[in-house]
Amino acid sequence: MSNPSILILAGDGIGPEVMDEVKKIITWFGAKRDLAFDVSEDLVGGAAYDAHGTPLTDATMDKAQNVDAVLLGAVGGPKYDVLDFSVKPERGLLRLRKEMDLFANLRPAQCFDALADFSSLKKDVVAGLDIMIVRELTSGIYFGEPRGIIVENNERVGINTQRYTESEIERVARSAFELAKRRGNKVCSMEKANVMESGILWREVVQKIHDEEYPEVELSHMYADAGAMQLCRWPKQFDVIVTDNLFGDLLSDAAAMLTGSLGMLPSASLGAPMANGRPKAMYEPVHGSAPDIAGEGKANPIACILSFSMALRYSFDLGAEADRLEAAVEKVLADGVRTADLLGPEDGTPVSTSEMGDKIIAALDASL
Ligand code: IPM
Ligand code: MG
């Protein structure tokens, strides 16, 4: 059998730097755990635009469709702000999500013990926090038609459409319930059924899937604004949160910050199973391209490294190896190793991006 295949799309800004550390980790698993991957690399976002005039070529899209997992760094940067909307770096990412039909975006928000003090919330509110946001990723207002900027009564009107079909809600609800069964057995579904018809349908369909297929999982519903408030008040009440594309975008950034740093959080975007039984999958850090620190070796590679850990778990069925990698990250943090984002102004000297990667490799070596 051939090795599992991975396509690396490092992208823009800090994407290539953090991805360099992931490459070291992949090499480590090949050398020390006999887990070889066929790794190829290509361009996405502004980097692809610079080379080809488009944020994602058809050839790259084709490669992404035919690998076992895509690892993506980050896209975007101020240099590309002037570009036409249709060729902005973000369009490359959105095309990947849409055409690979990666409907379930898993965004864990986990607070590492060593960082509990670093959260903007009180330590007892966040210590031990472990929640999973399941964000619908291929529909809703991000993709709904009609959309655009039109002229009406002599003024411009910006239009986007929130739209969900029952089957789109059903499949992401199932993903959330399946995950909950393997975690704390609780799902909270968030929408705005008080003001949006799409929210009314969302709530009904999630409830139906629960009653018919997952009655043993505890289900609650919350308006998304109240959900945001509860996330800040007492986040540990949640286990799995399932929500739409736009609310999921906002709520996952808020949840990320609870844990101390956006530089810590990975994500997995999963679609339907392929012929080999593996889900279509793309893994990426939740943070963006951070152009202000790009190229300076300041970026925290942990979110990208933990995204690879999610690939080990969800694409390659290597849960024990994912545990090993996560324990190595935890060890390094417990030892006080910090990139700049994890330090206050008077908290000592940060390590560089590559030093953080090296420390994690050393912890992996020590785990053998
Ligand atoms: C995210 C990002 C993206 C989104 C952008 C870069 C298109 O914010 O993955 O959360 O809005 O989905
Ligand atoms: Mg976002």
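Residues are numbered from 1 along each chain as its sequence is written, and chains are lettered from A and ligands numbered from 1 in the order in which they are written. Because the model is predicted, local features need pLDDT of at least 70 and side-chain atom pairs count only at pLDDT 80 or more, while totals for chains, interfaces and linings use all residues; side-chain values use heavy atoms, with hydrogens and water left out.

Helices (H or I, at least four residues) and strands (E, at least two) are DSSP runs, numbered from the N terminus. Helix α11 covers residues 319-334, and its 16 residues should span 22 Å at 1.5 Å a residue, which agrees with end C-alpha atoms that are 22 Å apart; the expected span is 1.5 Å times one less than the number of residues. After α11 comes glycine 336, with a positive phi near 90°.

Two strands pair if DSSP finds at least two bridges between them, as in these cases:

| Strands | Sense | Bridges |
|---|---|---|
| β1 (residues 5-11) and β2 (residues 38-42) | parallel | 5 bridges |
| β6 (residues 144-152) and β7 (residues 155-161) | antiparallel | 6 bridges |

Isoleucine 6 has valine 39 in β2 as its bridge partner. From β1 the chain crosses through α1 to β2 in a right-handed β-α-β crossover, that is, clockwise from the first strand over the helix to the second with the strands pointing away from the viewer. In the other pair, valine 151 stands opposite arginine 156 in β7, and the β6-β7 hairpin has 2 residues between its strands, with asparagine 153 in the turn at a positive phi of about 50°.
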